[in-house]
Structure formats: C-alpha cells, structure tokens
Amino acid sequence: MKSKFKLAAILAGALSISTNSVSAEELSVATFVPPSHETITGALAWFEKELTTRSNGELTLKVYAAGQLGAGPTQQYKRAVEGVADITFGIAASTPTLFPKTMLAILPGKAVNGPDSTRRMWTVFDKYMADEWSDVKVLAVGNPAGGMIIATKDVSTIEGMKGAKIVPWAAITTPVLQGMGAVPVQLDPTEHYTALSTGTIDAAISSINNIMPPWNLDEVANYAVVNTPATFNPVFYVMNKERYESLSAKHQKIIDEISGMPFSMQLVQAFHDADEVALKWKDEKIAAGELNVEWIVTSDGERAKMEAAAAAGMEAIYSDYENRGIKNAKKIYEALNK
C-alpha cells in the first residue's frame with residue numbers, strides 16, 4: 001500500500017511538471033529589420049517585458065530578425081496569416097489593397113506627428129478599419145511620420161518639386177505628389193539607398209532617423225528637407241489567429257490587455273524617439289561641420305503652397321475609392337482629421 005501511495009505521488013509530481021511545461025509558450029516573431037532597429041529594441045522589447053512580467057515568465061518571444069524567415073516587408077502579413085511565424089512585423093502600405101481604409105491614415109491632414117496620427121487612427125479603428133485585419137489578431141498598428149524628404153536635388157519649394165522623381169511612403173499619396181508637380185516612383189524602403197546613389201530617383205519621403213545609421217541615407221543625398229506636409233505609414237505587429245486562439249484564456253487576456261492602443265503607441269513612439277535622436281545627431285554633425293547633406297526647413301509660405309496642391313489631389317483619391325466600392329472614404333478621412 002505504501003508503495004502505491006509513493007507511486008501516486010511520483011505520478012502527481014510528474015503531472016504537475018508536465019502541466020507547467022505545457023503552460024509555457026514561446027512565440028516566434030518574424031521581422032525584416034535588423035536587431036538594432038527601434039521596432040525591436042523599443043516597441044517589441046516593451047511588449048516582451050509586459051508579456052513575461054504579467055505571465056510570470058510563461059509567455060516569451062523568440063525573434064527572427066533581418067529577414068531570417070523571409071526578406072522584405074511585402075509578405076509579412078501573409079506570413080502571419082499562414083503561420084510562418086506566430087507574430088510578424090510589417091508595413092501595411094506594402095500590401096495596400098488589403099488595407100484600403102487604413103491607408104487613408106497615410107494622407108496629410110491635421111496630425112502633426114506619428115503619435116498624434118496613431119491616436120487619431122485608433123479613435124476610428126474599430127469602427128472603420130478593423131474588418132480589414134480580420135484574418136489575424138492585431139497586436140499593434142502605429143503610424144510613424146514621414147517627416148523628411150531626403151533628396152539629391154532641392155525640393156524645398158513647389159517649383160523644386162516639379163518633375164522630381166520622388167518615392168512616396170505609400171502609393172495612395174500619388175495624386176498628392178502629382179498635385180505638387182512631382183513624379184511618384186514606387187520602391188521598397190530598402191531600395192532607397194541604391195536608388196538615390198544611382199540617380200534612379202531624386203528623392204524619397206522618409207523618417208528623419210533614416211538619415212543616420214543603420215540606413216545612412218545622408219551618404220547618397222545632398223539635401224534633407226523638413227516642414228513639408230507630413231505623410232504617415234502604418235506599420236504593424238500582428239499574430240496568427242489560430243496561434244492566439246490556441247493559448248489559454250489567461251494568456252489571451254494578457255495579450256488583449258497590452259494590444260491595440262497600448263502597443264501601438266509604443267510602436268509609434270519608438271519611431272518618434274528615433275527621430276528625436278536623429279535631430280540631436282544632426283545638430284551635432286552641423287556644429288562639427290560634418291553633416292553630409294544640406295538641412296533645409298521649408299518656409300511656411302512654400303508649405304502652404306504644397307498643402308493647397310495636396311488638398312487638390314484628395315478629390316482624385318476619393319474618386320478612386322468610389323470606383324473601388326468604398327463610398328465612405330471622405331467620411332473616414334474627415335473622422336481622422338477632426
């Protein structure tokens with residue numbers, strides 16, 4: 001009898017160990033950016049800390065950076081849907097047909113920076129945009145600002161814009177750039193360096209921090225232009241829906257609590273902070289006479305001309321949406337810009 005009790009105790013102990021083991025979950029994360037990128041060192045680090053702290057170490061992440069599970073931003077959403085990784089980071093504008101209503105948050109309007117634009121987007125996200133993301137569990141959608149035009153020619157005036165081959169942050173802004181007289185050229189962000197160096201393009205709309213390492217766009221440009229109408233670029237962390245649903249209710253609740261607005265603000269703040277670092281770096285380089293580009297702040301008068309041209313391009317965008325069966329595009333845009 002004693003040996004039976006002993007065996008039962010051993011089995012109970014083994015079961016307890018097995019149960020604890022099952023409750024621990026490692027989630028794989030695929031991203032095309034390098035490990036030093038702010039979306040990893042800032043936003044994802046925050047998400048991981050929250051996960052591990054709230055779950056007492058039961059939820060952890062394993063990051064596959066620099067395209068280890070697939071290069072470039074274009075297929076990242078698909079990789080999440082198909083379960084290539086549990087979580088992926090990507091750029092929504094790389095697959096704009098999947099997110100037409102979300103793309104309206106890219107356009108210039110009342111938002112002054114990335115955090116402001118992200119807050120505006122999340123006030124209307126559930127009402128107007130969530131259905132576009134129904135194939136995944138949305139963890140974060142942030143909207144960093146394209147606050148700089150990095151260029152080989154001076155595009156700080158409406159006259160300088162005319163005929164300039166400029167890469168927008170998203171194809172949706174093509175009519176806006178055309179209204180300014182520019183020639184939009186579609187390229188992946190990872191191609192900007194080479195395209196500027198070879199003369200394939202004259203300029204690219206970019207985050208300010210791309211002027212410095214690891215992107216180093218200052219090496220292949222002559223001008224960095226700021227104070228032009230800001231456009232934005234929704235980026236995301238999403239999770240495979242089946243993987244999320246396979247988690248315990250406890251673990252799902254933890255993810256729910258930190259997803260959406262909290263993680264989105266961390267994501268966009270990582271870009272915003274990187275831009276602030278870049279601005280300080282720029283000032284130090286200028287003081288030392290070492291900045292490779294001329295830093296130009298567009299005058300308020302020229303910016304007003306650009307804004308008027310951008311506004312004229314909006315009607316073409318609304319018309320295109322109407323032709324695609326999205327009849328409330330203007331309503332969504334106006335909701336974003338209250």
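Helices (H or I, at least four residues) and strands (E, at least two) are DSSP runs, numbered from the N terminus. The model is predicted: local features need pLDDT of at least 70, side-chain atom pairs count only at pLDDT 80 or more, and totals for chains, interfaces and linings use all residues. Residues are numbered from 1 along each chain as its sequence is written, and side-chain values use heavy atoms, with hydrogens and water left out.

**Stop 1: the whole chain**

Show the chain as a cartoon. It has 12 helices and 13 strands. The C-alpha trace spans about 95 × 50 × 30 Å along its principal axes.

Now colour by accessibility. Buried means under 20% relative accessible area, exposed over 50%, and partly exposed in between (1.4 Å probe, protein chains only). Of the 338 residues, 53% count as buried.

Next, think about contacts, meaning heavy atoms within 4.5 Å. Among contacts with a separation of 6 or more, 78% join residues 24 or more positions apart.

**Stop 2: the largest pocket**

On a 1 Å grid over the protein atoms alone, a pocket is an open set of points with protein on both sides within 12 Å along at least five of seven lines; a cavity is a set where a 1.4 Å probe fits but cannot get out; lining residues have an atom within 4 Å of a point. Grid points are joined across faces, edges and corners, and a volume is the space filled by probe spheres set on the points. For the lining classes, Ala, Val, Leu, Ile, Met, Phe, Trp, Tyr, Cys and Pro count as nonpolar, Asp, Glu, Lys and Arg as charged, and the others, Gly among them, as polar.

Select I91, W169, D188, P189 and N233. Of the 31 residues that line the largest pocket, these lie nearest its centre. The pocket holds about 560 Å³ of space. By class, the lining has 20 nonpolar residues, 10 polar and one charged.

**Stop 3: the second largest pocket**

Select V112, N113, A145, G147 and I208. They lie nearest the centre of the second largest pocket, which has 22 lining residues. Which of the elements gives the largest share? It is α10, with six residues. The volume is about 320 Å³. The lining divides into 10 nonpolar, eight polar and four charged residues.

**Stop 4: D275 in α10**

Stay with α10 (residues 261-287) and select D275 in it. What does D275 touch, leaving out residues up to four places away in sequence? Show A145, S207, I208 and N209. A145 and I208 were also picked at the centre of the second largest pocket.

D275 is buried yet has no salt bridge. A salt bridge is a side-chain nitrogen of Lys or Arg within 4 Å of a carboxyl oxygen of Asp or Glu. The nearest side chain of opposite charge is K282, 12 Å away. For charge, Lys and Arg count as positive and Asp and Glu as negative; His and the chain ends are not counted.

**Stop 5: two cavities**

Two cavities of 30 Å³ or more are present. For the largest, select P108, G146, I149, M161, T173, V176, L177, M180, I205, T228, P229 and T231, its lining. About 100 Å³ of space lies inside. The lining has eight nonpolar and four polar residues, and no charged ones.

The second largest cavity has a volume of about 80 Å³. Select its lining, which includes L104, K110, R120, F232 and Y333. Both α4 (114-129) and α12 (329-336) supply at least two residues to it. Seven of the lining residues are nonpolar, three polar and two charged.

**Stop 6**

Zoom in on P213 and P214. The peptide bond between them is cis, with omega near 10°. P214 sits in the loop between β9 and β10 (223-226).

Select N56, in the loop between α2 (38-54) and β2 (59-64). Its phi is near 55°, a positive value in a residue other than glycine. N56 is exposed, at 69% relative accessible area.

Finish on A66, in the loop between β2 and α3 (76-82). A66 is not a glycine, yet has a positive phi of about 55°. Its relative accessibility is 52%, and A66 counts as exposed.
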